[in-house]
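Have a look at the structure first.

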2 protein chains.
Amino acid sequence: MMHKVTQQDVAKLAKVSTGTVSRVINGHPLVSEEAKKAVLAAIEKLGYAPNTVAQSLAQGRTRNILVAFIDNSPILPSTWQYELPILQAINNFLRLHDYSVQISMNTTNDTFNSILFKEIVRNKSMDGLIILTSLELGESFLKSLYDSKIPTVFIGNGPYMYDSHQVGTAILFDNSKIIKEAFNLLRSLGHERIGFITGTDDHIHSQLRLEAFTQMASQYCDYSFEEYIFHGDYTINSGFQGLFTFFKKTPPPSAIICANDLMAIGAMRAAKEFHLRIPQDVSIIGFDNIEVASFYSPPLTSIKVPSYDLGNMGAEKLVKLIQDGSAYETITLPTELIVRKSVGAVRRDT
Amino acid sequence: MMHKVTQQDVAKLAKVSTGTVSRVINGHPLVSEEAKKAVLAAIEKLGYAPNTVAQSLAQGRTRNILVAFIDNSPILPSTWQYELPILQAINNFLRLHDYSVQISMNTTNDTFNSILFKEIVRNKSMDGLIILTSLELGESFLKSLYDSKIPTVFIGNGPYMYDSHQVGTAILFDNSKIIKEAFNLLRSLGHERIGFITGTDDHIHSQLRLEAFTQMASQYCDYSFEEYIFHGDYTINSGFQGLFTFFKKTPPPSAIICANDLMAIGAMRAAKEFHLRIPQDVSIIGFDNIEVASFYSPPLTSIKVPSYDLGNMGAEKLVKLIQDGSAYETITLPTELIVRKSVGAVRRDT
DNA sequence: CTGTTAGCGCTTTCAA
DNA sequence: TTGAAAGCGCTAACAG
């Protein structure tokens with residue numbers, strides 16, 4: 001192992017003290033031009049780079065942000081698609097602001113054992129925390145988090161309260177409103193019997209989407225709409241099963257909203273097996289607006305989640321939180337219904 | 001801000017020295033039972049957790065691994081699909097071995113400016129480095145890496161040499177062999193005119209796949225096979241364009257190999273526009289084996305890349321590298337051709 | 001403007 | 001088996 005070059009070496013070569021070297025490195029204003037020049041030359045010559053660990057210890061801050069993913073294992077493709085742009089956005093923003101990002105991918109078990117907290121949060125090697133999960137968080141975790149006082153942002157989850165204080169800023173997107181919009185679109189096209197295929201039940205977005213659907217259905221439908229709810233699990237196959245189940249009923253729904261695009265694809269596949277035409281025989285709406293779905297025949301009507309924006313906003317708010325110690329807030333970003341050929345007016349056969 | 005509880009506090013409460021507390025924490029054998037008990041009780045009572053930054057500084061190692069992604073921006077869905085299981089595998093393995101993982105997502109520009117290296121590699125806050133990229137790395141980057149002596153693993157890239165030494169262990173998968181296998185499958189089904197749709201040209205996997213195709217075509221085809229190479233960019237749309245272009249030629253190919261599944265989906269979509277039946281009129285093979293493609297009609301024949309295994313192997317080798325200082329090696333994992341209905345025997349119209 | 005010095009919190013000899 | 005003390009490399013308050 002070669003001798004690591006330290007500030008000492010630089011100071012010696014530049015004939016100044018380590019204090020001066022430190023000042024140059026940190027851009028302190030009160031350094032003479034010639035000292036600065038000598039130091040920079042020495043740094044260059046020795047190939048010196050500050051030891052960030054030592055910096056962190058001395059400064060009491062790490063310039064490091066932890067992004068904690070909490071998911072069921074294994075992570076579903078559908079979840080990736082949503083989370084990766086968020087991660088990218090976080091990374092882009094934070095790098096610009098001179099933070100490095102550390103990640104930890106955790107499974108649900110960790111959370112419930114509150115190992116997550118012990119492993120991740122209590123070691124003080126981070127200045128802030130972004131929690132990226134679609135699963136409900138437990139009380140003990142929230143308590144630990146609250147006690148830790150670590151600046152925290154939740155993305156797509158929360159807001160959580162502990163001891164009547166908000167724990168963490170919550171950056172959300174509007175599941176409910178957009179499902180209602182989709183529902184209304186279908187109604188305006190004459191659909192009266194609308195089916196809904198949920199995602200996994202422990203997934204809060206799925207819960208919110210189902211809840212919105214239930215509200216609409218109970219308001220506008222005069223039949224037992226629970227018949228037209230199928231509990232899927234976000235996989236293509238469960239979408240397939242969903243449509244299959246619906247079309248064994250009499251009457252079947254004339255339109256189906258799916259909690260993600262993969263299930264919508266599964267449903268479209270099943271429709272094919274039944275020789276149902278889309279949208280003439282059944283209209284389909286997905287959620288996530290994944291690229292492949294727009295290339296289906298017919299192209300899928302879907303809902304676009306502002307993933308990148310969620311990440312960007314989350315990172316921005318976290319930095320502000322760290323700098324100003326500002327208060328936690330809750331921000332909801334808009335979603336967008338993208339209408340394509342998979343929905344159409346209800347067929348009037350008379 | 002509450003007073004952070006330190007080892008001092010624990011030592012005081014347990015009526016021992018900080019040295020003893022440290023020994024207990026690190027599982028040092030020479031500690032009396034009662035001392036250990038007292039310390040553990042104090043830790044519990046105070047809710048103490050060691051400051052990892054201070055530990056790192058004192059020990060000269062961080063137990064932190066950096067995973068550096070280097071991609072074009074924005075990252076394509078196709079790339080995610082490949083990279084995320086790798087990341088998960090790395091994370092799972094390293095957590096088990098008590099390392100934390102830090103990531104940095106970098107764009108090509110960074111690399112060429114060799115900012116990547118300065119920003120990431122020279123700050124000594126990591127014990128090892130995993131580089132995850134499908135882009136060719138530049139000389140200056142490799143030099144810096146070589147000089148830094150940081151234990152490094154490349155996944156899906158390399159092996160790179162500098163100064164006639166291998167730079168980093170390379171964990172690869174076999175692009176070439178599997179493309180040849182796909183080619184041979186098509187030949188055995190009677191296909192003589194086979195088209196190829198490439199990915200982006202700066203992508204080494206695309207290069208390797210094309211190279212393998214070229215080798216086979218130049219060996220077995222007696223016409224100008226370059227006519228049947230279309231340069232795509234991994235998007236669905238470019239696959240669409242590819243088939244479109246091929247079928248304006250006379251004769252068109254009877255089979256097409258695509259450098260990823262999304263382009264294969266695009267090609268299948270285009271086939272539909274041309275009223276071509278798959279596989280009767282044209283056989284299609286993809287690469288990546290994404291789930292949606294297996295739900296297409298007909299289900300797509302594709303090549304399965306062992307993403308998770310790549311990550312797992314990479315992490316394992318890196319840990320060994322750090323511990324034993326073992327030599328760099330090159331490991332190639334097998335890929336698998338998954339045959340589905342999108343390929344068939346060539347049609348004999350006479 | 002700059003050198004000196006006392007930590008940051010932990011580990012690890014060295015003695016005892 | 002344990003305590004004392006010397007760092008790890010850097011920053012920042014203080015004195016000049």
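Keep in mind that this is a predicted model. Let's start with a pair of isoleucines: Ile155(A) sits opposite Ile171(A), which belongs to strand S7 of chain A. S7(A) covers residues 169-173 and runs parallel to S4(A), with three bridges joining the two.

S4(A) has another partner, strand S3 of chain A, again parallel, and here there are four bridges. In that pairing, Ile130(A) faces Val153(A) of S4(A). Here are the two pairings laid out:

| Strand paired with S4(A) | Residues | Bridges | Direction | Source |
|---|---|---|---|---|
| S3(A) | 128-133 | four | parallel | DSSP |
| S7(A) | 169-173 | three | parallel | DSSP |

Now for the helices. H5(A), residues 77-96, packs against H14(A), residues 307-324, at about 40°, and the axes are 7 Å apart. The crossing is right-handed. On the H5(A) side the contact includes Tyr82(A), Ile86(A), Ile90(A) and Phe93(A), while H14(A) brings in residues including Tyr308(A), Leu310(A), Gly311(A) and Ala315(A). Sorted by type, the residues of this contact come to 11 nonpolar, five polar and one charged.

Key. Residues are numbered from 1 along each chain as its sequence is written. Chains are lettered from A and ligands numbered from 1 in the order in which they are written. This is a predicted model: local features need pLDDT of at least 70, side-chain atom pairs count only at pLDDT 80 or more; totals for chains, interfaces and linings use all residues. Axes are lines fitted to C-alpha atoms, for helices over the stretch in contact, and angles run from 0 to 180 degrees between N-to-C directions. A crossing is left-handed if the near helix is turned anticlockwise from the far one by less than a right angle, and right-handed if clockwise. Two residues are in contact if their C-beta atoms, placed from the backbone, lie within 7 Å. Ala, Val, Leu, Ile, Met, Phe, Trp, Tyr, Cys and Pro count as nonpolar, Asp, Glu, Lys and Arg as charged, and the others, Gly among them, as polar.
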